[in-house]
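Reader: I have a model open and would like to learn how to read it. Can we take it feature by feature?

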Amino acid sequence: MSTAVSTVISTDRSMLQGAPWLLAHKSMLTVNQPMKVAVYGHDYVLWKDANNRVQALPNICPHMGAMLSEGWCVEQLDGASAIACPFHALEFDHDGCTVLPGTQKETLSQLKPLELVIQGDFIWSYGGAEPQMAIPDVLTQIANEYEFVGSTGEISVATPLLPMLLNMHDYNHQNGTHREMFRIEEVRFERFVDTGHHSDAYLKMPKASPTRQEVLKNPSVLLLPKVIEAHLENFFPSIVLFRGESAAGPIVQCHLFIPESAEHTRTYVLLFAKPKSPVFKLMKRSLLKLVATVVEQDADILNKLYADPPQKIKLNNEAGMDWVRRNFESWPQVAEPNLSR
Ligand code: FES
Ligand SMILES: [Fe+2]
């Protein structure tokens, strides 16, 4: 009995129950097309109706367990839509109510909707857990200030949340994981500012010029400056912002994380920019592709790590990872900031 209880607690902690997670940006949903998302080991079907309203229900049909995300949407006269099960076509409205064949009456709710917090185009959720922290307003600020370029690099990685976050706050892995991409010669770690659940890291990364072949493969490498100056802004635990300059104007890459289960973590990137030249429009697609490749490389290395290795060596510039570990351990409490340097 006591073992079962402690497992539940540690699984809760390993997924940081009570943090807000950005399930999707509205542009990632097509009107009346169901999308499957997972949080804390539960699957949900998410859909956007003709009124731009987004709903989420548990994905398991209460009749015989079909995946509702494999079904279709049925639009009503008012523009709202219900989700139809792919197995026997029962239709569930946003409250999870249905009308059984041969009856004229709506049932009580058969599926408890997942609570969503919609802020503009951002679809947040606490995954049904008791909220332990506020939703950061930084994405709304960015959306007001920048142009939305697109979403990219969506991938579900077979890794728990902690290794995923460690990788995203590891300032030494450019030369290994991303060796072929940027030809970074050195990572100059300038400053780390720890303010609890928020931190900033400033890096300078001089790089070799891309070869002709690399340019042909992805012309957007030409947008990268000779020295990449990065400002990484971290919002524990669900957002890492990479603020940088490109030849065509300032960009912000927003990396998002969602603990799908104790063993799977989903990630994707929302890209924003302030294009200062028409070149940006031409490069948009290849820039999104470049970011997707970066995420694939991160996912690839995460798939090739042994679980819980004893770390016997420590490199310089691991302040970001120390910050992640410390915040994980003190969750949901905010620890005294002690990692600025
Ligand atoms: S399994 Fe969904 S209607 Fe039968
Ligand atoms: Fe990376």
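Reader: How many helices and strands does the secondary structure of the protein come to?

Author: Seven helices and 16 strands. Helices (H or I, at least four residues) and strands (E, at least two) are DSSP runs, numbered from the N terminus. One caution before we go on. This is a predicted model: local features need pLDDT of at least 70, side-chain atom pairs count only at pLDDT 80 or more, and totals for chains, interfaces and linings use all residues. Residues are numbered from 1 along each chain as its sequence is written, while chains are lettered from A and ligands numbered from 1 in the order in which they are written.

Reader: What share of the residues counts as buried?

Author: Count C-beta atoms, placed from the backbone. A residue is buried if 20 or more others lie within 10 Å of its own, exposed if 12 or fewer, and partly exposed in between. Of the 341 residues, 35% count as buried. Contacts use the C-beta atoms too: two residues are in contact if these atoms, placed from the backbone, lie within 7 Å. Among contacts between residues at least 6 apart in sequence, 58% join residues at least 24 apart.

Reader: Now a helix. How many residues has H6, and how far does it reach?

Author: The expected span of a helix is 1.5 Å times one less than its number of residues. H6 (residues 279–302) has 24 residues and reaches 34 Å from first C-alpha to last, close to the 34 Å expected.

Reader: Where does H6 bend?

Author: A bend is the angle between two fitted axes, one for the seven residues ending at a residue and one for the seven starting there. H6 bends by about 45° at Arg285.

Reader: Which residues of H6 are buried?

Author: An α-helix has 3.6 residues a turn, so residues three or four places apart point the same way. In H6 the buried residues include Phe280, Met283, Leu287, Leu290, Val291 and Val294. Strands S10 (147–157), S15 (249–259) and S16 (265–273) are among the elements that cover them, as are helices H3 (161–168) and H4 (179–182).

Reader: On to sheets. What is the order of the strands in the open sheet that holds S2?

Author: Strands of a sheet pair through backbone hydrogen bonds, either parallel or antiparallel. Two strands pair if DSSP finds at least two bridges between them. This sheet has three strands, in the order S2-S3-S4, with antiparallel pairing. S2 (35–39) and S4 (54–58) are the edge strands, each pairing on one side only. Five bridges join S2 to S3 (residues 42–48), and Lys36 stands opposite Val45 in S3. Five bridges also join S3 to S4, where Tyr44 stands opposite Pro58. S3 and S4 form a hairpin with five residues between them.

Reader: What is the order in the open sheet that holds S1?

Author: S1-S9-S8, again with antiparallel pairing. S1 (21–25) and S8 (117–119) stand at the edges with a single partner strand each, so one side of each is left without a neighbour in the sheet. S1 and S9 (residues 122–125) pair over four bridges, and His25 has Phe122 as its bridge partner in S9.
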